[in-house]
Amino acid sequence: MRASVLLALLLTASPLWAAPPVEELKLSAEYPVDGVAEGNLSGIALCGKELLVVSDRVDDRLFRLVPSEGVLKAEAERFVAPPPPPSGLPWGVRVRNWAMSMVRGNELDFEGITCDAAGNRYLVSETHAAVLQVPHAGSADWLRLPESLVRQARASGMLLHFNALLEGIAVEPSGERLWLGAERERRGLMVLHRKQSTWGCSGGCVLFSEAGEDAPPPGLGRGVPMSRDFSDLAFHNGKLYTLERHAHRICRRDPSKGSVERCWSFAAEALAEPRRYDVDWGMAEGLWVDAEGAWIVLDNGDKARADGEQRPIVWRFAKPSGGWEQP
């Protein structure tokens, strides 16, 4: 055997070159949510001292979550969204979105929420491939996104299928960069930069896209691979974090490339017997990461879990043992 080939084999086999083990995050608290009759919570953010959520069944309000005797009480904050801008999505997808809105009774399908240091809240609409800015005081308005955003995403294989469009959103505290996550078939990440009152792409909107499937964690009990997905994004301390629903994990990524740096699993806690749902997929829909841990909100679709709880659930996970910044 040639020396170069032998060296390559030794380096590949060495544990020094192996990927770090995936650590299981520890659940520090869980809260049922009262006061959201529509359910279907789809995004979460800690804005200042307020824990906020959105529902993909509600077009005119977000909700503040207030602790109260072991639950989180939802208090509505109403806003008026002006008519959304043209989406750039193809006719067939738009027609199916319209038909679904007739069934659900709402149009905008908010799938994520984030906020900047100035207190602006940003809500991503899946059906319109658009972002609504809701300031702490003032009128809501749609961001002026580049017309090429959807075109570039579709050229990369994203945003091709009904109900597999924009699913996650994150913004850096300064409000200068905004990330959007395409859900699945193909999943991917896009980044935009603020240019005064508009948003543009520096060199291109798409960071990356990928196809493929993820096998579920063994604890799910069903070996049904599903398309790799992103169900939300979060930005913390210079890094981007992705919530990967079917794989039951959070991954830290390079915000300029989208490449994975490290992942943590929440499968052990999510799939503990009392918390199990009788479904073949994950329920985790919204993510917020901070210095002390992570908030995850579940969209249980009114399904009851094994212990009989049917309300939406918010989980608080402790930070990893070595912190989010560990190599």
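Contact here means heavy atoms within 4.5 Å. The model is predicted, so local features need pLDDT of at least 70 and side-chain atom pairs count only at pLDDT 80 or more, whereas totals for chains, interfaces and linings use all residues. Residues are numbered from 1 along each chain as its sequence is written, and side-chain values use heavy atoms, with hydrogens and water left out.

Beyond its neighbours within four places in sequence, S209 is in contact with S156, M158, R186, R187 and G188. S209 belongs to strand β15 (residues 206–210); strands (E, at least two residues) are DSSP runs, numbered from the N terminus. S209 counts as buried because its relative accessibility is 19%, buried being under 20% relative accessible area (1.4 Å probe, protein chains only). A polar atom of the S209 side chain lies 2.8 Å from the backbone oxygen of S156.

Attention now turns to strand β9. Four of the five residues of β9 (residues 130–134) are buried, leaving the strand mostly covered. Strand β8 (residues 121–125) runs antiparallel to β9 and is joined to it by five bridges; two strands pair if DSSP finds at least two bridges between them. Within this pairing, A130 of β9 is the bridge partner of S125. The β8 and β9 hairpin has four residues between the strands, and A129 takes a positive phi near 50°.

Strand β10 (residues 141–142) is also antiparallel to β9, with two bridges joining them. Here D141 in β10 stands opposite Q133. Six residues separate β9 and β10 in their hairpin, where G138 in the turn has a positive phi of about 125°.

Technical notes:
Buried means under 20% relative accessible area, exposed over 50%, partly exposed in between (1.4 Å probe, protein chains only). A polar contact is a pair of N or O atoms within 3.5 Å; within protein, one must be able to donate a hydrogen and the other to accept it, and residues adjacent in sequence count only if both atoms are side-chain atoms.
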